[in-house]
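Please look through the structure shown here together with its sequence.

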Amino acid sequence: MNNETKVLIAVAVGTIALLVGGASLFSRFTPQNEREQQTVDNALVLGENSPSKGAENPKVTIVEFADFQCPACAASDPIIRTVVEKYKDSVKFVFRHFPLDTHPNAVPAAKAAEAARLQGKFWEMHDLLYDKQSDWAESSNFTEKALEYARSLGLNEEEFKKAFESNQFDQVINKGKTDGIAAGVTATPSFFVNGRRFIGGMNESRWSQIIEEELKK
Amino acid sequence: MLISTYSKMIKNLVLKYGLYIAWFQALISMIGSLVFSEFMKFAPCLLCWYQRIAMYPLVLILAIGISRKDKNVVWYALPFSLIGTVIAVYHNLMYYKIIPQEIAPCEIGASCFTKYIDWFGFITIPLLALIAFIIIDVILYLYLTYTKKDE
């Protein structure tokens, strides 16, 4: 190995060490919670007349911004269902649409959930879409899948189809996106727990911890 | 006999046209990826960007090497295509779910898992990138061994 090569290797190793060291120092002195958590006004994230479930007079309000075609949202949803059920007397869960541009079937899926909502079955469609995400996510004929799900939920197919194919939900879906972006949503799922922002899914024990913290306040 | 004829043929081909083929492959990949992102509006994901960083310089490096008749150009080009290959292999392993990935949140903008194209049921953008890098690797490697033997 000649001298030039040795110098090059030494400089490269030194630079890598500096960068990695600097990055790890930065992350040590800024706890993860502070980097991702920020508090926003609850009114901003709640939206008007958004689908919700759980307590009527909640101590804790969880707002989720989600995309039905996002695998992370689908993975996080069963945990949310368990947590909301566990704390149903004190927690209200609100769903906001945040379909990402990279998911071609996300907006149609959001429309399907809204069309089911007109017949009082938003959460049934919501759960079904997540449970069967892999069946429809890459489908080139989502409408057929949506109709199949509507039938399986016992919805009036005619009405569902009319609503699903109309553009009456464009506004509520777009409002979800603009409110989300204004509140600092950069990825799905994002959650606001009494306005505290959490980006990405969390496990059950972390959820319980956050909810208990809010209940104590 | 037959094998040695073939290997001679390959050697001649590589020595004569190898650098041109590698350059042309890099050029096609660059133009192709720009068509995907700029005309078809598929946003490139992070791993795609890293692969672009490895692929785009090859177009210039190989072109300059060829025009200056510099046999050493392989030494400048091969590290880029090898680094690109490593990233492409990693991307494909995740893309085709051969190595499990943690369920990361879906970011606004491009995801490394979005299937923008799916030709014949298996050809995707990450696969095209991997094939391109491998073609360039193989040609440059053969060129390197053949030119070394001749020295």
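Helices, which need at least four residues, and strands, which need at least two, are DSSP runs that are numbered from the N terminus. With these terms, the position of B:K69 can be described as the loop between α2 (46-67) and α3 (73-95) of chain B. The model is a predicted one, and every value below should be read with that in mind.

**Chain A as a whole**

Chain A contains 11 helices and 6 strands, and of its 217 residues 39% are buried. When contacts in chain A between residues at least 6 apart in sequence are considered, 78% of them join residues at least 24 apart.

**Backbone details**

In chain A, the peptide bond that joins A:T188 and A:P189 is cis, with an omega of about -5°. A:P189 has its place in the loop between β4 (187-188) and β5 (190-193) of chain A, while A:N194 lies in the loop between β5 and β6 (196-199) of that chain.

**Two helices of chain B**

The loop that holds B:K69 lies between α2 and α3 of chain B, and these helices also meet each other: the axes of α2(B) and α3(B) come within 9 Å and cross at roughly 160°. How is α2(B) directed relative to α3(B)? The angle makes α2(B) roughly antiparallel to α3(B), because angles over 145 degrees count as roughly antiparallel. The crossing in which α2(B) passes α3(B) is left-handed.

Residues from both helices make the contact, including B:L47, B:Y50, B:L58, B:I61 and B:G65 of α2(B), and B:V73, B:F80, B:G84, B:I87 and B:H91 of α3(B). Sorted by class, the contact of α2(B) with α3(B) has 15 nonpolar residues and 5 polar ones, and no charged residues take part in it.

Note on methods. Residues numbered from 1 in each chain as written. Chains lettered and ligands numbered in written order. Predicted model: local features only at pLDDT ≥ 70, side-chain atom pairs only at ≥ 80, totals over all residues. Buried ≥ 20, exposed ≤ 12 C-beta atoms within 10 Å, placed from the backbone. Contact = placed C-beta atoms within 7 Å. Axes fitted to C-alpha atoms, helices over the stretch in contact; angles between N-to-C directions. Parallel < 35°, antiparallel > 145°, perpendicular 65-115°, else oblique. Left-handed = near helix turned anticlockwise from the far one by under 90°. Nonpolar A, V, L, I, M, F, W, Y, C, P; charged D, E, K, R; others polar.
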